Amino acid sequence: MDSKSSSVRVTEYHTAGEPFRIITGGVPAIPGATILQKRRYAREHLDDFRKLVINEPRGHADMYGCFLTEAESDGAAFGTLFFHNEGYSTACGHGTIALATWAVDQGLVEMPDGGGELTIAIDVPSGRVHATAQIASGIVESVRFRNVASYVTHEAVPITTTLGTLPVDVAFSGAFYAMVDVSAADVAVEPRHLPRLIELGRAIKAQVMQAVDVRHHEYRDLDGIYGVIFYQSEPDVDGMLCQRNVTVFADGEVDRSPCGSGTSARVADLNRRDLLKTGQQLVHRSIINSQFLATPIGTTTVDGRPAVFTEVLGSAYLTGTHEFVLSPADPIGTGFVLR
């Protein structure tokens, strides 16, 4: 980024409380034949733009956002590259919900007359996802997205923590998540326990990476633990299974939403345990009590493992439009991150 490229325009939404900052102008075109190639280019050549909109003083340690790109191939409306306080993620469910809402709000897709449903294909680093917006009177009321196939890769990996040895499951749902039942950890998914959960999340992520081979069957760009999901069971809601979770990802970043792609990981784990059958719904709540609804809608196999296709339902809301400026004389530059 130089003095000639010091202004960046963004449109912002929140999905179930989690921010999503969409860069809509001021960034050069991102070359690459595939979304993964575009992601590599952005990481190597455009990271100052990520830092500008994520870091303080314009952002904060828990900010999230994306670059927009051309679609990878015919059939998708556009592509996107998700980013956070540490770098670039391979999947983002809350961002997918926000992007579908933004596409309708901006008139980038043709809305059905009189409302109804509109499905938008979006190319993301983990593959193509399909987001279906429910529209009434020109307003997006909700979005459900069909994720890439999700599956459990490791079960009950023993991880030693300050709270003792915990069994950790690992699942892929566009990114790899380590999943921990907090009933075994003497903590709860509550804001008062958040500092401890962040500390545990960082430690568990590092230890799982040492204990097992977290490797995607096809693309090295997707390797490695992205986030740690702490979950707890709650009373059923109208006969539907209910859980509460908080996901700690990247560099101790905390998801305020129930985590869209992480919700798919939970669905895969529950389906494997025969606790959530095809067509049944999971009420998935966040640490701030917002919620997604999630459903396993079909099964498949991935690299010889049983896998499920999932749909996750949530809503996103416009919070503002901004133009961020970097003064050439600003000694802070693209900023900093403090927890």
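This is a predicted model: local features need pLDDT of at least 70, side-chain atom pairs count only at pLDDT 80 or more; totals for chains, interfaces and linings use all residues.
**Exercise 1. Decide how far β4 is enclosed.**

Task: Which residues lie on each side of β4, and are they buried or exposed?

Solution. 
Step 1. Sort the residues by side. Phe78, Thr80 and Phe82 are on one side, and Gly79, Leu81 and Phe83 are on the other.
Step 2. Apply the cut-off for buried, which is under 20% relative accessible area.
Step 3. Conclude: six of the six residues of β4 (residues 78–83) are buried, so the strand is largely enclosed by the rest of the structure.

**Exercise 2. Examine a nonpolar patch.**

Task: Which residues form a nonpolar patch on the surface with Leu338, and why does Leu338 count as exposed?

Solution. 
Step 1. Name the members: Ile332, Phe336 and Leu338. Together they have about 290 Å² of accessible area.
Step 2. Place Leu338 in the chain: it belongs to the segment after β17 (316–325).
Step 3. Compare with the cut-off, which for exposed is over 50%. Leu338 has 59% relative accessibility and therefore counts as exposed.

**Exercise 3. Describe the largest pocket and the largest cavity.**

Task: Which element gives the most residues to the lining of the largest pocket, and which elements give two or more residues to the lining of the largest cavity?

Solution. 
Step 1. The largest pocket has a volume of about 330 Å³. It is lined by 23 residues, and the closest to its centre are Pro125, Ser126, Gly127, Glu218 and Tyr219.
Step 2. Two or more lining residues come from each of α1 (35–45), β5 and β6 (127–136). The most come from α1, with four residues.
Step 3. Now take the cavities of 30 Å³ or more, of which the structure holds two. The largest cavity contains about 70 Å³ of space.
Step 4. Among the residues lining the largest cavity are Tyr64, His94, Tyr177, Phe249 and Ser261. The elements that give two or more residues to this lining are α3 (93–105) and α5 (260–272).

**Exercise 4. Check the backbone for exceptions.**

Task: Which two residues does a cis peptide bond join, and where does Asp186 lie?

Solution. 
Step 1. Recall the general rule: most peptide bonds are trans, and most residues other than glycine have a negative phi.
Step 2. Glu56 and Pro57 are joined by a cis peptide bond, with omega about 10°. Pro57 is in the loop between α2 (47–54) and β3.
Step 3. Asp186 is not a glycine, yet its phi is positive, about 60°. Asp186 lies in the loop between β10 (176–181) and α4 (194–211). With a relative accessible area of 69%, Asp186 is exposed.
Step 4. Ala156 also has a positive phi, near 50°. Its place is in strand β8 (residues 151–161). Ala156 is partly exposed, at 47% relative accessible area.

Terms used. Residues are numbered from 1 along each chain as its sequence is written. Side-chain values use heavy atoms; hydrogens and water are left out. Buried means under 20% relative accessible area, exposed over 50%, partly exposed in between (1.4 Å probe, protein chains only). Patches are made of residues with over 30% relative accessible area and no salt bridge: like charges are joined within 9 Å, nonpolar side chains (Val, Leu, Ile, Met, Phe, Trp, Tyr) within 5 Å. Accessible areas come from the Shrake-Rupley method with a 1.4 Å probe; for residues, only the protein chains shown count as cover. A salt bridge is a side-chain nitrogen of Lys or Arg within 4 Å of a carboxyl oxygen of Asp or Glu. On a 1 Å grid over the protein atoms alone, a cavity is a set of points where a 1.4 Å probe fits but cannot get out, and a pocket is an open set with protein on both sides within 12 Å along at least five of seven lines; lining residues have an atom within 4 Å of a point. Grid points are joined across faces, edges and corners, and a volume is the space filled by probe spheres set on the points.
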